[in-house]
Amino acid sequence: TAARIIQKLEGRFSMIRNDMERKKFVLAAYNGGYGHISDAMALARKYGRNPYLWSDVSMFVLRLSEPRYYKDPVVKCGYMVGSETFNYVNSVMGRWGGYHSVLHNAMPKGVSLSDLDGGYHKKNRFSKKQNIIAKDDSLFTVKR
């Protein structure tokens with residue numbers, strides 16, 4: 001399932017310490033394949049860019065459709081339609097930013113997500129108490 005694939009990709013990109021950066025790499029690999037993103041990271045490293053920074057790696061994702069780059073010896077998976085993956089990551093991150101903004105603005109004045117002890121809970125007669133959003137959920141950390 002998609003959740004298992006994303007979890008596996010999170011593990012493969014665990015060397016990227018910044019959560020938001022890692023999420024971009026996970027999205028890119030989910031869309032374009034882990035091998036292609038690894039190739040773009042190798043190209044970034046070769047050309048003196050940061051292989052753990054999406055803004056540096058994404059330019060090589062875009063270039064993997066050019067023979068000069070996809071035929072480079074550090075590239076193992078070859079040609080890639082990088083614009084598709086680049087646009088996918090931007091689209092998902094843009095939507096996430098919108099959702100985050102809506103959630104942040106929906107909080108009562110003076111309350112932030114980090115103020116919630118147990119998070120929001122969903123209860124009904126068929127299920128046990130479930131956290132939908134917990135205060136430690138890295139996706140919803142509000143940066144100040």
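1. Let's start with the pair Glu-10 and Lys-23: in this predicted model, their side chains form a salt bridge with an N to O distance of 3.9 Å. Please keep the cut-off in mind here, because a salt bridge is counted when the nitrogen is within 4 Å of the carboxyl oxygen. The two partners sit 13 residues apart and tie distant parts of the chain together, Glu-10 being in helix α1 and Lys-23 in helix α2.

2. Glu-10 has another partner, Arg-22, and for this salt bridge the closest N and O atoms are 3.0 Å apart. If you colour the salt bridges in your viewer, you will find Glu-10, Asp-19, Arg-22 and Lys-23 joined in a network.

3. Arg-22, at 12% relative accessibility, counts as buried. Lys-23 is buried too, with a relative accessible area of 15%.

4. A further salt bridge worth a look joins the side chains of Asp-72 and Lys-46, at 2.7 Å from N to O. This pair also links distant parts of the chain, 26 residues apart: Asp-72 lies in the loop between α5 (67–70) and α6 (82–106), while Lys-46 is in helix α3 (residues 34–46). Across the whole structure, the search finds six salt bridges.

5. Asp-72 deserves a point of its own. Although it is found in a loop, the one between α5 and α6, Asp-72 counts as buried, at 6% relative accessibility. Once neighbours within four places in sequence are set aside, the contacts of Asp-72 are Leu-43, Lys-46 and Tyr-47.

6. On to the nonpolar side. Which residues touch the most other members of the largest nonpolar core? Out of its 25 residues, they are Phe-13, Phe-25, Ile-37, Met-41, Trp-54, Val-57 and Val-61. Two or more residues of this core come from each of α2, α3, α4 (54–63) and α6. Helix α2 gives the largest share, six residues.

7. Leaving out neighbours within four places in sequence, Val-57 is in contact with Phe-25, Ile-37, Ala-40, Met-41, Ala-44, Asn-50 and Pro-51. Among these contacts, Phe-25, Ile-37 and Met-41 are also listed with Val-57 as core members that touch the most others.

8. Finally, the overall picture. The protein has six helices and two strands, and from the N terminus on they run α-α-α-α-α-α-β-β. Of its 144 residues, 34% count as buried. When contacts between residues at least 6 apart in sequence are considered, 47% of them join residues at least 24 apart. The accessible surface comes to about 9,100 Å², and carbon and sulfur atoms account for 53% of it.

Key: Residues are numbered from 1 along each chain as its sequence is written. This is a predicted model: local features need pLDDT of at least 70, side-chain atom pairs count only at pLDDT 80 or more; totals for chains, interfaces and linings use all residues. Side-chain values use heavy atoms; hydrogens and water are left out. Buried means under 20% relative accessible area, exposed over 50%, partly exposed in between (1.4 Å probe, protein chains only). Helices (H or I, at least four residues) and strands (E, at least two) are DSSP runs, numbered from the N terminus. Contact means heavy atoms within 4.5 Å. Accessible areas come from the Shrake-Rupley method with a 1.4 Å probe; for residues, only the protein chains shown count as cover. A nonpolar core is a set of buried Ala, Val, Leu, Ile, Met, Phe, Trp, Tyr and Cys residues joined through side-chain atoms within 4.5 Å.
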